[in-house]
Amino acid sequence: MNQVFSRPISLKDVQTHFCPGCQHGAIHRLVAEAIDDFGIRERTIGIASVGCSVFLYSYFDVDVVESPHGRAPAVATGTKRARPDRIVFTYQGDGDLAAIGTSEIIHAANRGEAITVIFVNNTTYGMTGGQMAPTTLPGQKTSTSPEGRDISNDGAPFKMAELLSNLDGVAFSARVAVNSPKNVLQAKKIINTAFRYQVEGKGFAFIEVLSACPTNWGMNSLQANQRLTDEMIPYFPLNVYKNKGNL
Amino acid sequence: MSEKIFVKGNEAVAMAAIEAGLRCYFGYPITPQSDIPEYLARELPKTGGTFIQVESEIGAINMVLGASAAGARAMTSSSGPGISLKQEGISYMAGSELPGVIVDIMRQGPGLGGIDASQADYWQATRGGGHGGYRIIVLAPASVQEMYDLTMRAFDLSDLYRIPAMVLADSVIGQMKESIVANPRPEVDLPAKEWAVRGRREGEPQNVVKSLKLGDGEMEAFHWAMHDRYKVLADRESLWEEIQTGDAELIVTAFGSTARISRTAVDMAREAGLKVGLMRPITLFPFPSHAYLALSQRCKRFLDIELSTGQMIDDVRLSVARDTEVSFYGRPPGAGSLPTPEEIFQQIRKVYP
């Protein structure tokens with residue numbers, strides 16, 4: 001019997017700590033598949049951030065550097081500059097990348113660092129228990145926006161994929177989701193393209209992945225998936241915002 | 001290679017770093033250390049190294065973290081306000097057992113302070129500086145030659161012990177020019193960086209550089225291991241200089257720029273027939289406590305001189321024998337507050353037995 005489906009070799013055969021319905025697992029898998037597809041596992045270095053994504057090293061079978069909160073693009077810059085022949089990617093959440101780490105991501109992008117950034121947007125701080133994130137939607141209730149996000153007080157959610165696409169240093173910027181088979185297939189293709197940019201030495205690539213956090217949204221998995229379709233995608237459109245090299 | 005060259009203290013740091021095999025420098029402009037990034041922007045790329053002027057001190061220290069994790073010799077430099085910003089990254093490096101060199105050309109504070117000489121960051125440097133309870137290696141040059149020699153030493157010590165190392169000077173030492181010999185990098189036996197990330201090959205272990213330690217007893221074991229490593233460091237790597245301490249009735253003690261001024265004051269005292277010596281710690285961490293203890297077995301009076309209201313004096317008092325009298329003369333940092341040799345000589349007369 002032919003085996004037609006298996007765990008990517010870049011992922012370890014372990015259980016994750018992620019909550020039921022969390023989409024980090026699916027995103028991990030797509031990133032690992034991209035690493036497998038290009039045959040680059042033995043020269044890939046992951047840069048972990050702070051939050052639910054910190055355990056990158058427990059799940060990915062690649063070397064990993066853990067960075068301070070928000071600083072992954074700076075750490076990745078140091079690692080890539082020290083070892084330009086390696087494939088370096090960061091994996092960061094929305095609080096990490098779009099709040100405390102805005103300076104590091106903007107400047108790494110503007111320098112056109114030859115890295116790949118995976119940005120997981122679930123509109124909340126997952127690990128600390130569901131506080132308001134820079135991407136929390138207007139009116140969305142969280143533990144620190146109990147009456148709902150008030151734009152007059154908190155500002156509007158950051159649209160990072162659009163924002164970064166405006167910088168000359170960015171070669172590729174896109175937003176994807178993994179809430180349906182169709183979106184997963186599209187996300188796989190686009191994440192592969194983001195890694196292709198680095199494999200071919202064509203510059204900085206940024207992928208925003210919309211993700212569900214049922215635990216902190218107070219929903220079950222199906223409700224969370226539905227919310228992603230009904231509320232998140234209209235605000236954060238799925239699109240390739242920049243594809244400089246037409247890869 | 002005994003040819004003498006005439007350079008600034010800050011330039012000597014940059015030259016020594018390149019000689020020591022610096023691969024990556026990440027920095028941000030701040031007075032009085034900007035000669036270091038300026039020199040390295042010009043010279044480091046010629047050696048195949050990377051220079052980046054970073055958007056912030058926070059970005060710079062985290063690039064040092066990333067480059068060091070990949071096994072490269074990496075450095076950043078700054079002064080007071082910038083060093084405060086770097087403390088987050090230094091703490092993560094300490095927690096991840098990463099080497100790396102941080103140069104601090106001290107200026108006045110707190111806050112924006114001013115750009116004249118200061119030694120008021122002694123506590124920040126020698127007590128770790130960031131959160132979590134750790135120490136870093138701190139070397140305090142008192143001449144341009146030492147700026148060169150101790151910068152090279154900082155790289156070797158940091159690699160050997162996997163502890164970040166700081167070169168701690170001030171604007172007097174950083175900005176003045178002296179003739180030095182730019183010695184070649186000394187031969188030092190260093191272990192291979194087998195812990196560095198490099199891309200995990202089949203059959204090799206996965207390398208992870210991290211400071212998160214959640215396992216049962218893992219963090220406690222880390223702290224005790226580092227505690228033991230600091231002791232080894234103190235036993236093997238403490239450096240200090242003694243001048244005319246053999247028959248001294250009074251020992252003046254100071255580091256960096258104040259040690260230079262104090263040395264002239266000690267000469268003046270000797271000319272006046274007073275038996276005065278100088279004890280200058282070169283490593284501030286590890287502090288040469290055993291040398292102070294030995295000195296205080298025979299000389300019972302010390303005079304500590306600092307450009308602050310007194311910080312190193314804590315370590316002096318903790319080190320000397322209990323019946324030792326430690327006096328203090330300080331000039332907290334400020335424009336025009338650098339003491340003259342005559343001023344220190346007056347203090348010597350005041351406390352001399």
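Tutor: Let's begin with how much of the chain is covered: 55% of the 353 residues of chain B count as buried, where buried means that 20 or more other C-beta atoms, placed from the backbone, lie within 10 Å of the residue's own, exposed means 12 or fewer, and partly exposed is in between. Please keep in mind that this is a predicted model, in which local features need pLDDT of at least 70 and side-chain atom pairs count only at pLDDT 80 or more, while totals for chains, interfaces and linings use all residues. Residues are numbered from 1 along each chain as its sequence is written, and chains are lettered from A and ligands numbered from 1 in the order in which they are written.

Chain B has 12 helices and 15 strands (DSSP runs numbered from the N terminus: H or I of at least four residues for helices, E of at least two for strands). Its radius of gyration, 20 Å, is close to the 20 Å of the globule rule for 353 residues, so chain B is as compact as a globular protein of that length; the radius is taken over C-alpha atoms, and the rule is 2.2 Å times the number of residues to the power 0.38. A box of roughly 70 × 45 × 40 Å along the principal axes holds the C-alpha atoms of chain B. Among contacts in chain B between residues at least 6 apart in sequence, 79% join residues at least 24 apart; a contact means C-beta atoms, placed from the backbone, within 7 Å.

Next, the domains. An automatic or database domain assignment divides chain B into domain 1 (4-181) and domain 2 (240-351). The C-alpha centres of these two domains of chain B lie 26 Å apart. Where they touch, domain 1 of chain B gives 24 residues and domain 2 of chain B gives 22. On the domain 1 side, α5 (122-126), β6 (137-139), β7 (165-170) and α7 (171-175) of chain B supply at least two residues each, and α5(B) gives the most, with 4 residues. That side of domain 1 of chain B has 16 nonpolar, 5 polar and 3 charged residues, with Ala, Val, Leu, Ile, Met, Phe, Trp, Tyr, Cys and Pro counted as nonpolar, Asp, Glu, Lys and Arg as charged, and the others, Gly among them, as polar.

Chain B also meets a partner. Its contact with chain A takes 34 residues from chain B and 28 residues from chain A. On the chain B side, β2 (24-27), α3 (57-69), α4 (80-95) and β9 (208-209) each give two or more residues, and α3(B) gives the most, with 9 residues. This side of chain B divides into 16 nonpolar, 10 polar and 8 charged residues. Strand β2 (residues 63-66) of chain A pairs with β9(B) in the parallel sense over 2 bridges, pairing being at least two DSSP bridges between strands. There, A:Val65 stands opposite B:Val209 in β9(B).

Technical notes:
Contact = placed C-beta atoms within 7 Å.
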